[in-house]
Amino acid sequence: MRRRPGPSARLKLALSYAGFLFVAGALLLAVVWMFLLRYVPDNSQGLLGVSPNRYLLVRTFAPAAAAAMLFLLVFGLLGGWVLAGRMLRPLTRIADAARTAGEGSLSHRIRMEGRQDEFRELADTFDSMLEQLESHVAEQQRFAANASHELRTPLAISRTLLDVALKDPARDHPELLERLSVVNARAIDLTEALLLLSRGDRGNFTRESVDLSLLAEEAAETLLPLAEQRRITLDVTGGVTGGAPRTTGSPELLLRMVTNLVQNAVVHNLPAGGTVTVHTGACGGMSVLRVENTGSVLPADLVATLTEPFRRGTDRVRTDEHAGVGLGLAIVHSIVRAHDGTLDLSPRPAGGLRVTVRLPAEP
């Protein structure tokens, strides 16, 4: 936005200081005139015939008052200019940092020294904002690179299969079509996951009243065949006290959130004999969904990275048909954030993962 040039803030502050000092001096002289000179007799003999009269006092007082006012004006301008410069120096550093950030460098920090005041609070807030922006930009760059890699893989496989088919016309076409269908389905799943992740980040959806307990039962019913196939016990429970776990949001996105959590708990579990527990309830004005599963012991540093897109720990990567694309918990995190909730992941001491989602309860 282009603006017309104007006086600087330093000049305005200096003029304000000088004007305030000048007005204060004028008021002081006015007080002297009103409460002193007005009571001096204005006659040729003066007060008691020995003191000067008003005429002589005015002739003597007026030049000295004018000189004092001129001194106050000059002193106010110079002193105000120096004081304004000292006061605005922190803003100059903040403006330089903002200008540097606007040019694309987010690694610069102000780190203003001194005791806490309004300017240092502003500088600390700006440093915190730059740190979050730098982290967000780095995360987006990693996401773009990982998404490109993940999308390129099925396309490269499809091209290889087609090249092989062209070079060997006698090859079994049903087998080729089946393999192409699997690769194409994986690419479609990845694309849909990326679109869903983008939709959750935007948060542009219609909010409705949603019961988390019903979504948990629906997700468990859908994934029950998968759990039975893997010999996993799937149990859904609900809190008796605290009221129904109702919240406001998109039923479609929240159902996808619950489904992703339950599917993740079933897939990343013990080879056989594992359990998955889905619990819903209301507590402290929040609707709570907790999903726990058995499995191998997970290190805390691995758990802290599971919500990043395409981040999959070595011990959690699967090679079967449910290998996934590494966006399950990232989508969950995006949906929870779009619904103003919180997502907490913690490893279970006996092995497995505990995921707790807290969403604002319906008013």
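**Close-up 1. Arg-207 and Asp-340 meet through their side chains in a salt bridge.** In this predicted model, the N-to-O distance of the pair is 4.0 Å. Arg-207 sits in the loop between α4 (173-202) and β1 (208-211), and Asp-340 in the loop between α8 (328-338) and β6 (342-347), so the contact ties together parts that are 133 residues apart in sequence. Arg-207 is partly exposed, at 39% relative accessible area, while Asp-340 is exposed, at 57%.

**Close-up 2. Glu-113 forms a salt bridge with Arg-93.** Here the closest N and O atoms are 3.5 Å apart. Glu-113 belongs to the loop between α2 and α3 (118-167) and Arg-93 to helix α2, so this pair links parts that are 20 residues apart in sequence. With a relative accessible area of 53%, Glu-113 is exposed; Arg-93, at 31%, is partly exposed.

Close-up 3. Arg-120 is buried, with a relative accessible area of 18%, whereas Asp-117 is partly exposed, at 27%.

**Close-up 4. Strand β4 (residues 274-283) pairs with strand β2 (residues 232-238) in the parallel sense.** Seven bridges hold this pairing, and Asp-235 stands opposite Thr-277 in β4. Strand β4 also runs antiparallel to strand β5 (residues 286-293), joined to it by eight bridges. Look here for His-279, which stands opposite Arg-290 in β5. Two residues separate β4 and β5 in their hairpin, and Gly-284 in the turn has a positive phi of about 60 degrees. As you follow the strands, recall that side chains in a regular strand alternate between the two faces of the sheet.

**Close-up 5. Helix α1 (residues 9-35) has 27 residues.** From first C-alpha to last, α1 reaches 39 Å, close to the 39 Å expected at 1.5 Å a residue. Ala-14, Ala-18 and Gly-25 of this helix are buried. Leu-15 is another α1 residue, and at 49% relative accessibility Leu-15 counts as partly exposed.

**Close-up 6. A nonpolar patch lies on the surface, with about 1,100 Å² of accessible area together.** Its members include Leu-11, Leu-15, Phe-22, Leu-70, Leu-77 and Trp-81. The elements giving two or more residues to the patch are α1 and α2 (54-102), and α2 supplies the largest share, seven residues.

Definitions and conventions. Residues numbered from 1 in each chain as written. Predicted model: local features only at pLDDT ≥ 70, side-chain atom pairs only at ≥ 80, totals over all residues. Heavy atoms only, no water. Pairing = 2+ DSSP bridges. Helix = DSSP H or I, 4+ residues; strand = E, 2+ residues; numbered from the N terminus. Expected span 1.5 Å × (residues − 1). Buried < 20%, exposed > 50% of the residue type's maximum accessible area, 1.4 Å probe, protein only. Patch = residues over 30% accessible without salt bridge, like charges linked within 9 Å, V, L, I, M, F, W, Y side chains within 5 Å. Areas by Shrake-Rupley, 256 points an atom, 1.4 Å probe, with all protein chains shown as cover.
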